[in-house]
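Here are my notes for someone opening this entry for the first time.

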Amino acid sequence: MEYKYYIGLDAHSRTCTFAVMNGRGRVLGRQRVPTEERALLDVVRGLRGSKALVLEETTVSHWLYVLLKGEVDKLIVCNPVMNKKRSKAKTDFLDAVELADLLRVDRLEAVFHVDDELMDLRTLVSGHEDLVQELTRCKNRYKALFRKSALHLSGTAAYSRPEAIEQLPCQQQRYVARGLMAQLELLQAQKKDYEKKFKANAKKYKAIRLVMSIPGFGPVLANKIVGIVVSPHRFANKGKFFAYASLVKHVQKSDGRVTGKRQANGCKQLKAVFRIASLAALSSDNAFRRKYDQMRMQGASDRTARQAVARAQAAAVLGVWKSGKKYNDKHRELMQARSCPKNMLDS
C-alpha cells in the first residue's frame, strides 16, 4: 500500500526529530520537538492523509509505539542493527530521513511490539536479570578477596558466614569483605522478592501456568518466556520459534554448495532460558529425559541430545500456549511415535 506521508522518527529521551517524505522520496519537512506526549501528537496529527511512521528500537520505543499507533495507518519499530549502514555524516535529521526512505521502499526489519499487558513483564524480567548479574559480580569480588590470601571458600554457605571474614589477614580486606557481604544480603533479599512476584504472576496469567506445566520450567523461567515472547501467534510454525530462540543454525550456500552454518539472529535470553530448562528436565523422569537417553544410546553426543531436548521443549511451549491446554507427557510421546516410521520404532 502506498501512503501519502512516510515519517521517519529519530527518538531520544529528551528530543525527537521527525522527517516527512512523500512517495517519490522527496523530503517535505523536518521538525525537532521535546520527547513529550503533546508535542509528538501535534506533529503527527498535523499531517492530513494516509501516513506510515517508523522509529528504531530504543529505551523509549514501546512508550512511543503505544502513544502513536492509533495516530497513523502503519507503525513500525525497526531493528537498528539490521538497517543498512550509511557512509554519510550522522545527524538526527539524516537518521530520520534514512528511516523514512527505508520505510518508503519497504526495506526494514521490524521488531515485535504490541499494546498488551504481557509486555510489562519484560521490565520485570529485565530487572531480574540485571539483579542476578550484579549478584554474581558481587560474589566474585567477595571470593577474590579470599583468593588473594590463598584462602578457599566452598559452597553457597560461605556467603552467609560472617566469621569467615576474620580469616583475612588485612584489616582493609576485612572492611571491604563486610561491605560486600552487606551488599550480598541486600541483593539476595531483592532476589527473593522477585521470585515472590513471579509466583504471583503465575496465578494471574494463564500463559505462565501453561508453560509451568512443562517439565523443566518453574515460575522464573516461565515468566521469562512469557515476558519475552508475549504472543505465540507471532510464529507461524515451530521452526520460526526455534530460530527466534537461537536453537537452530541457518545453512549458508554459494554456487549450489553448502559453505557453512550461521547462528540464527534470535534472542540470546531465550536461548539461555531453554538451556537451563533442558538441564532441569533431565533431572526427572519425563518424555524429554527419555528422548535424551534414547539419543545417547544411539550414539549422539551429550551436547546434541541436550539441544534436541531444548528444541522439543520449545515446541511444547508453543503447542500448549497456542492450544490453551496444559502439557501432557504421554500425549507427546504418543504423537512422536505416530510420526516415526515403523522401522525406526522397531530398531
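Is Lys261 buried or exposed? Lys261 is exposed, at a relative accessible area of 61%. The model is a predicted one, and the points below should be read with that in mind.

1. Lys261 sits in strand 7, which covers residues 257-263.

2. Salt bridges across the sequence. Side chains of opposite charge can pair when their charged atoms come close. The structure has 14 salt bridges. One of them joins Arg32 to Asp92, with an N to O distance of 3.5 Å. Because Arg32 belongs to strand 3 (residues 27-34) and Asp92 to helix 3 (residues 92-104), this pair links parts that lie 60 residues apart in sequence. The two partners can also be described by their accessibility: Arg32 is exposed at 55%, while Asp92 is partly exposed at 21%.

3. A second link. Lys204 and Glu117 form a salt bridge in which the closest N and O atoms are 3.4 Å apart. Lys204 is in helix 5 (residues 171-204) and Glu117 is in the loop between helix 3 and helix 4 (121-147), so the bridge ties together parts 87 residues apart in sequence. Lys204 has a relative accessible area of 52% and is exposed; Glu117, at 45%, is partly exposed.

4. A network. Arg141 pairs with Glu134 in a salt bridge, and their closest N and O atoms are 3.4 Å apart. Through salt bridges with shared partners, Glu134, Arg137 and Arg141 are joined into one network. Arg141 is partly exposed, with a relative accessible area of 36%, and Glu134 is partly exposed as well, with 26%.

5. Cysteines. How many disulfides does a search of the whole structure find? The search finds zero. For Cys78, the nearest cysteine sulfur is that of Cys16, 14 Å away, and Cys78 is in no disulfide. Cys78 counts as buried, at 0% relative accessibility.

How values were computed
Residues numbered from 1 in each chain as written. Predicted model: local features only at pLDDT ≥ 70, side-chain atom pairs only at ≥ 80, totals over all residues. Heavy atoms only, no water. Helix = DSSP H or I, 4+ residues; strand = E, 2+ residues; numbered from the N terminus. Buried < 20%, exposed > 50% of the residue type's maximum accessible area, 1.4 Å probe, protein only. Disulfide = S-S within 2.5 Å. Salt bridge = Lys/Arg side-chain N within 4 Å of Asp/Glu carboxyl O.
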